[in-house]
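Dear colleague,

Please find below the structure for your review. My findings follow it, and I would be grateful if you would read them alongside the coordinates.

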Amino acid sequence: MRVLDKPLVVSGELAWLGGDRLERRVDTPMRETSTIADGEVTQEREGKKPRSFSLNRAPQLKVLLDSFVALLAGDPSRLGESFEIALGRDADRWQLTLTPRDPRIAKQIASIHVYGSGNVPRCMRMDESDGDTSIDLLGELATAMPAEPTREGLIAQCGGAM
Amino acid sequence: MRGARLGILIAWLAALAALGAVVATQLKVGTDLRSFMPAPTTPDQKLLMDQVGEGPGSRLLLVAIDGGDDVTKATLSRGLAATLRKDPAFTQVVNGDFDLGMLDTRLMPYRFLLSPTLDTQVLDENYLADQLQQRLEDLSSPAATLLKGLLPRDPTLETLKLAERWTPTRSPEVREGVWFSSRDEALLLAQTRGAGFDPGAQDEAIGRLRAAFAALPGSAGSHLTISGPGYFTVVVNAQTRDQADWIGRISTIGFIVLMLAAYRSVSSLLLGALPVATGALAGIAVMTLCFAEVHGITLAFGFTLLGVAQEYPIRLLSHRRAGESAVASVKGLWPLLLTAIASACIAYLAFYASGVGGLKQLAVFTITGLLAAGFTTRYALPYLLPERARDVADTPGLARFRGWLDGLPRPRWLPIPVAAAAVAMLAFAPGPFWQNDLSALTPLPRDLLMTDARLRGELGAPDVRYLLVVQAPTADGVLAASAKLEARLREQVAAKTLDGFELPSIYLPDLATQRARQAKLPDRATLDAALDGALDGMPFRKDLFAPFVDDVQAARSAPLLTPDMFARAPLGQRLAAMLVPRGDHWVGLSALSGVHDAAAIAATVVSAGADARLLDLKDASESLVAEYRTRILHALLAATLLLLVTITLALRSVRRAWHVLAPMTLATFLVLAVERMAGIPISLFHLVALILAAGLGLHYALFFERDTGDPAEQRRTLHATVVCVISALLVFGMLAWSSIPVLRAIGLTVSLGVAFHFCLSILMAPHARQDRLH
């Protein structure tokens with residue numbers, strides 16, 4: 001991120017609770033649980049009272065949620081509503097490139113790349129329009145997180161799954 | 001002779017044209033309904049009158065966009081808001097667009113003085129470290145994209161706290177970035193600059209709103225619903241005018257047919273219209289001289305009331321004998337006609353004494369009109385009428401009708417049972433006697449009201465009934481008092497007696513509060529040190545927060561924010577509407593939404609120790625109407641006494657005066673009794689209509705009472721009266737069928753009145769009985 005000197009690394013668990021509900025639990029560096037459910041985002045941190053805001057306040061987040069849920073549920077038509085989809089294949093590995101259709105979302109999120117093999121997504125990279133990138137190493141890749149990660153290294157690692 | 005007649009006609013028409021020219025160039029028609037309301041006396045009533053038109057609630061238009069998908073509706077909502085924000089006819093447009101630009105960049109440093117954070121915090125190392133840690137967590141959270149841009153300038157998220165504070169407590173659901181109702185309409189609130197009860201200004205604003213919507217690309221498939229007090233004003237105005245127009249057209253045709261049937265002469269019809277036309281033009285001309293602006297309602301009511309003047313030419317036309325010149329006929333009629341004119345003028349004088357702007361205009365208009373119509377009937381019309389005329393006394397059937405009327409029993413004791421019946425009906429009538437609620441006469445279709453209630457509920461738009469009033473000698477005093485109320489009202493919201501509120505201090509804290517917050521801001525060295533300490537071990541770029549440090553320094557030395565300075569900000573209009581100077585002091589006006597327990601809120605407000613109170617606009621308006629009515633009743637009482645004296649002097653006999661005044665008085669009370677029996681509460685419009693009916697009834701009684709001893713002359717009197725009664729029933733009977741309560745009130749009252757006056761004047765007239773004795 002441009003506002004930071006070095007990549008910000010958090011690790012934890014992302015769980016799809018079914019329907020439009022998603023739980024994101026962070027274990028390190030701090031404990032935080034974010035739940036997206038019923039149009040509300042609730043953030044709970046240790047020692048703080050929970051904060052919540054309406055999903056409608058953050059339309060981009062809603063799109064992200066949609067893409068996550070559609071991906072996890074394997075619902076291509078729902079994915080197609082919000083994104084232009086491009087699929088690349090190499091043996092049993094694949095790369096999915098999602099470009100937001102809504103110009104207002106595109107102002108913030110340039111594209112989302114999902115890498116995987118077989119039927120398991122392994123890494124998700126979100127390129128924001130201001131040049132920031134966030135990378136989710138999923139499953140076994142997460143254990144391969146280096147101690148001092150760099151932006152380039154992580155991008156390679158994520159795309160390297162391809 | 002023929003040439004002279006033509007000369008008079010041309011001179012008269014030229015005079016009318018000249019009057020018409022004066023009227024056309026000078027007449028300025030106003031539409032503000034408030035000039036038809038009484039002059040306020042108490043401070044609450046004064047505030048009410050201001051609020052009725054100018055208050056923030058009454059200038060609010062509620063807009064819903066329907067049709068098409070969410071994206072289309074949201075785009076239309078944003079497009080409409082963008083156009084209207086540039087339009088000077090609107091002071092404020094909100095549609096839920098989450099707008100961090102609510103505080104413009106010039107005022108950004110003031111966020112530390114506006115937000116309550118510094119009341120409990122200082123910008124020290126601990127606080128900053130905690131905040132930065134939270135921001136870091138935010139960056140790794142789903143909210144990152146939202147906050148990233150704000151971070152360098154506002155790491156404590158003061159702007160978000162302010163945006164939250166300035167968002168109405170109960171706001172609709174936001175989808176696609178704008179407000180949506182539960183029925184999937186995009187919602188928008190637009191505040192007009194023009195007063196809420198000024199149909200002219202509102203009509204223009206609504207026209208511009210519709211035009212702006214129609215000009216948006218893709219608006220063809222969507223539908224615009226508008227509601228709010230201003231919209232209702234326009235609807236009522238248009239409906240009333242529409243109905244009055246078609247009723248007027250039908251009655252005019254009926255009137256022409258009646259005149260032709262009665263006098264069988266086109267020239268009589270045309271010439272007979274001249275006095276009333278003169279009266280109307282003269283009335284308007286004098287009004288334009290006396291008043292800067294003539295009210296639209298004055299004109300509408302005025303023409304109605306001037307209908308009495310049509311009697312004058314009718315009397316002249318009916319009372320002509322075969323072989324007698326019109327000039328000779330009018331000379332015989334004149335004393336009685338003059339009494340009739342004088343008494344009608346006295347009755348209308350009561351309007352002048354009411355002290356209400358609009359009614360004063362009405363009095364000037366009708367009295368001038370009656371005098372002009374009366375005197376032209378006497379001094380101009382007879383010279384134009386043909387030398388020879390058909391004697392209406394020979395109209396077939398008239399003699400038989402007169403004979404039948406003469407055959408009716410006319411017991412002297414008749415007034416007693418009639419009076420007793422009227423008193424009994426008045427005493428036992430159901431429902432309240434007076435109609436104090438002006439809105440009961442507002443002819444709004446039920447579905448419009450339902451739509452309004454629904455949109456108001458969804459938007460959390462302020463209740464138009466209650467208003468929180470804070471007073472202080474200075475604007476800053478009002479802000480300080482308002483700050484005291486804030487905590488109390490929050491308790492009330494928590495206790496569910498209230499859904500939401502707005503206070504001026506939410507937007508702008510008083511100077512003392514700002515000064516205290518300013519004093520807590522650290523200087524550059526202290527803040528730098530604190531920030532360095534807080535940043536230790538954090539991954540943030542070291543120079544990232546320079547804009548934040550600059551803002552804090554700017555806020556430290558900035559002059560405190562006054563309402564004047566704030567007024568130039570995007571939210572300035574909102575504050576300006578809530579904080580207004582009144583004479584030598586300032587008043588804070590706060591709208592409340594969803595008032596569930598007015599008594600509890602009023603008690604809280606009083607106990608807060610500020611000069612504040614909860615104003616119930618409905619109570620204030622009802623007390624105003626009641627006072628208004630008392631004044632009109634007093635004026636009427638005075639007019640009645642004056643009338644008594646005038647009639648007695650004119651007839652030079654108390655007995656004859658009794659024969660004229662008794663039927664008139666009895667019939668008036670009978671109308672009142674019948675309407676009360678039908679469950680109709682009496683409003684001001686009923687009173688006005690009663691006076692008009694009494695004026696007509698007085699004419700009937702005066703002419704029936706006239707003892708000529710000539711059967712042909714009696715038939716002429718009957719002919720004239722029947723023509724007058726039918727023409728009045730035509731006009732007002734039609735109005736009685738109107739769906740608009742105001743028109744119906746007038747139509748029904750006058751129709752009933754004309755019928756009762758006619759029957760009672762005949763049954764209580766003395767001479768037919770004497771005829772039989774002879």
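Throughout this message, helices (H or I, at least four residues) and strands (E, at least two) are DSSP runs, numbered from the N terminus. The model is a predicted one, in which local features need pLDDT of at least 70 and side-chain atom pairs count only at pLDDT 80 or more, while totals for chains, interfaces and linings use all residues. Residues are numbered from 1 along each chain as its sequence is written, chains are lettered from A and ligands numbered from 1 in the order in which they are written, and side-chain values use heavy atoms, with hydrogens and water left out.

I begin with a loop of chain B. Leu157(B) lies in the loop between helix 7 and helix 8 of chain B. Its phi is near 55°, a positive value in a residue other than glycine. With a relative accessibility of 7%, Leu157(B) counts as buried (buried means under 20% relative accessible area, exposed over 50%, and partly exposed in between, with a 1.4 Å probe and protein chains only). Asp154(B) is also placed in the loop between helix 7 (144–147) and helix 8 (158–166) of chain B, and at 0% relative accessibility Asp154(B) counts as buried. Neighbours within four places in sequence aside, Asp154(B) is in contact (heavy atoms within 4.5 Å) with Arg111(B) and Thr159(B).

A positive phi is also found at Lys496(B), near 65°, again in a residue other than glycine. Lys496(B) is located in the loop between helix 20 (475–494) and strand 10 (498–501) of chain B, and its relative accessibility of 64% makes it exposed.

Next, the sheet in chain A. Five strands form an open sheet in the order 6-7-8-9-10, with antiparallel pairing; two strands pair if DSSP finds at least two bridges between them. Strand 6 (83–90) and strand 10 (133–137) of chain A stand at the edges with a single partner strand each, so one side of each has no neighbour in the sheet. From one strand to the next, the twist averages 15°. (Axes are lines fitted to C-alpha atoms, for helices over the stretch in contact, and angles run from 0 to 180 degrees between N-to-C directions.)

Within this chain, strand 8 (residues 109–117) and strand 9 (residues 120–128) run antiparallel and are joined by 8 bridges. His113(A) stands opposite Arg125(A) of strand 9. Strand 9 and strand 10 of chain A pair in the antiparallel sense over 5 bridges, and Asp127(A) has Thr133(A) in strand 10 as its bridge partner. The hairpin of these two strands has 4 residues between them, and there Gly131(A) takes a positive phi near 100°.

Turning to helix packing, the axes of helix 28 (residues 617–651) and helix 30 (residues 684–705) of chain B come within 12 Å and cross at roughly 10°. The two helices are therefore roughly parallel to each other (angles under 35 degrees count as roughly parallel, over 145 as roughly antiparallel, 65 to 115 as roughly perpendicular and the rest as oblique). The residues making this contact include Leu636(B) and Leu643(B) of helix 28 and Ile691(B) and Leu698(B) of helix 30.

Finally, a search of the whole structure finds 0 disulfides over all chains, a disulfide being a pair of cysteine sulfur atoms within 2.5 Å. For Cys290(B), the nearest cysteine sulfur is that of Cys345(B), 15 Å away. Cys290(B) is partly exposed at 49% relative accessibility, whereas Cys345(B) is buried at 11%.

With kind regards
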